[in-house]
Amino acid sequence: MTSRLQYLPVTVFSIVLGLSGYTIATQKVGAVLGLSPLVAEVLLGLATVLYALLVALYAVKAARWWPEVAAELRHPTKLSFFPAVSISLLLLSIAFLEVNEPVSFALWVAGVVLQLVATVGIISVWIRHTHFEIHHFSPAWFMPVVGNLIVPVAGVEHAPTDISWFFFAAGLVFGIVLFTILMYRLLFHSPLQERILPTLFIVIAPPAVGAISYFKLTGAFDSFARVLYFFAAFLLLLLIVHAAGFVRVKFFLSWWAYLFPVAALIIATTLVAKQTGSEFYEAVATALWAALTILMAIVTVRTLVAVRRREICVPE
């Protein structure tokens, strides 16, 4: 008997990325707006429960329908979403940092171990592959890179700084390499498929998260941090200019890719506001958070509608 669980995609973990990223952004902007801490705590609870539920469901899928998981591991796009499991742990660790430090530490350690395994494993597949072509490349390939750049955000509080520098260096250099490949792919080859078009927003995450991590590592928002931050801001502006194309895209789980990168830029903007004392950056962060809140509501409703219509967990 076929079960819908058999078709649970690994991309479902992008929901946790979006929700946990929004939670952290709410923690930061909420402090500026004077929101009750309870709002962020409720969001954190939801993200934690959802993550535990999805891990349990995907574990059942792996145990009963391993060939389906193996197929995702061979898929040029879905393979890159496996680090979403470790990235979710790292984001939850950041969210718990101001709430419960021991829990944050445990989540961070688990996330770092899984992230290292995922990064080495996926890059090894890229190097040794026999079936990937340039048209298989998509912004989703940045996922392993983003995970490495997230490590220092909570890592500087939990472990020797060199561990965070190790992951930051790997994430930054590979991010530059992948961005070069992406531009070549977009300029000289066929357009991205509609299903993966929203993943273009993932490209915002490496420079935005990189700016945050660099500040955590150095304690200074210097020229290099500004380059990373403003490049992320430029990418968001560039994608907003092409917003009409994204609006026409049919709903897929990839819509959740809109959320986490924007949340990362909001968090970076609150950091800039704190370092510069500028009310302008506070206003920008607040406006972006308000827009993200609306987008979060839209994506959540569309997801629930898709679940009700049984459009998720179906054969492709």
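This is a predicted model: local features need pLDDT of at least 70, side-chain atom pairs count only at pLDDT 80 or more; totals for chains, interfaces and linings use all residues.
How many salt bridges does the count come to? It comes to two. One of them joins K28 and E98, whose side chains meet with 3.2 Å from N to O. To see what this pair does in the fold, look at where each partner sits. K28 is in helix α1, residues 14-33, while E98 is in the loop between α4 (84-96) and α5 (101-128), so the bridge ties together parts that are 70 residues apart in sequence. Now check how open each partner is. K28 has a relative accessible area of 29%, so it is partly exposed. E98 has 60% relative accessibility, and therefore counts as exposed.

The other salt bridge is between the side chains of K61 and E72, again with an N to O distance of 3.2 Å. Here K61 belongs to helix α2 (residues 37-64) and E72 to helix α3 (residues 66-74), and the two residues are 11 apart in the chain.

Next, turn to a pair of helices. Helix α7 (residues 161-188) packs with helix α8 (residues 205-218) at an angle of about 155 degrees, and their axes are 11 Å apart. Which way do they run relative to each other? An angle over 145 degrees counts as roughly antiparallel, so that is the label for α7 and α8. The crossing of α7 past α8 is left-handed.

On the α7 side, look for T161, S164, W165 and F168; on the α8 side, find G210, S213, Y214, L217 and T218. Sorted by type, the residues of this contact come out as four nonpolar, five polar and no charged.

A257 lies between α10 (243-247) and α11 (259-276). With a relative accessible area of 8%, A257 is buried. What does A257 touch, leaving aside residues up to four places away in sequence? The answer is P198, T199, F201 and I202.

Note on methods. Residues are numbered from 1 along each chain as its sequence is written. Side-chain values use heavy atoms; hydrogens and water are left out. A salt bridge is a side-chain nitrogen of Lys or Arg within 4 Å of a carboxyl oxygen of Asp or Glu. Helices (H or I, at least four residues) and strands (E, at least two) are DSSP runs, numbered from the N terminus. Buried means under 20% relative accessible area, exposed over 50%, partly exposed in between (1.4 Å probe, protein chains only). Axes are lines fitted to C-alpha atoms, for helices over the stretch in contact, and angles run from 0 to 180 degrees between N-to-C directions. Angles under 35 degrees count as roughly parallel, over 145 as roughly antiparallel, 65 to 115 as roughly perpendicular and the rest as oblique. A crossing is left-handed if the near helix is turned anticlockwise from the far one by less than a right angle, and right-handed if clockwise. Contact means heavy atoms within 4.5 Å. Ala, Val, Leu, Ile, Met, Phe, Trp, Tyr, Cys and Pro count as nonpolar, Asp, Glu, Lys and Arg as charged, and the others, Gly among them, as polar.
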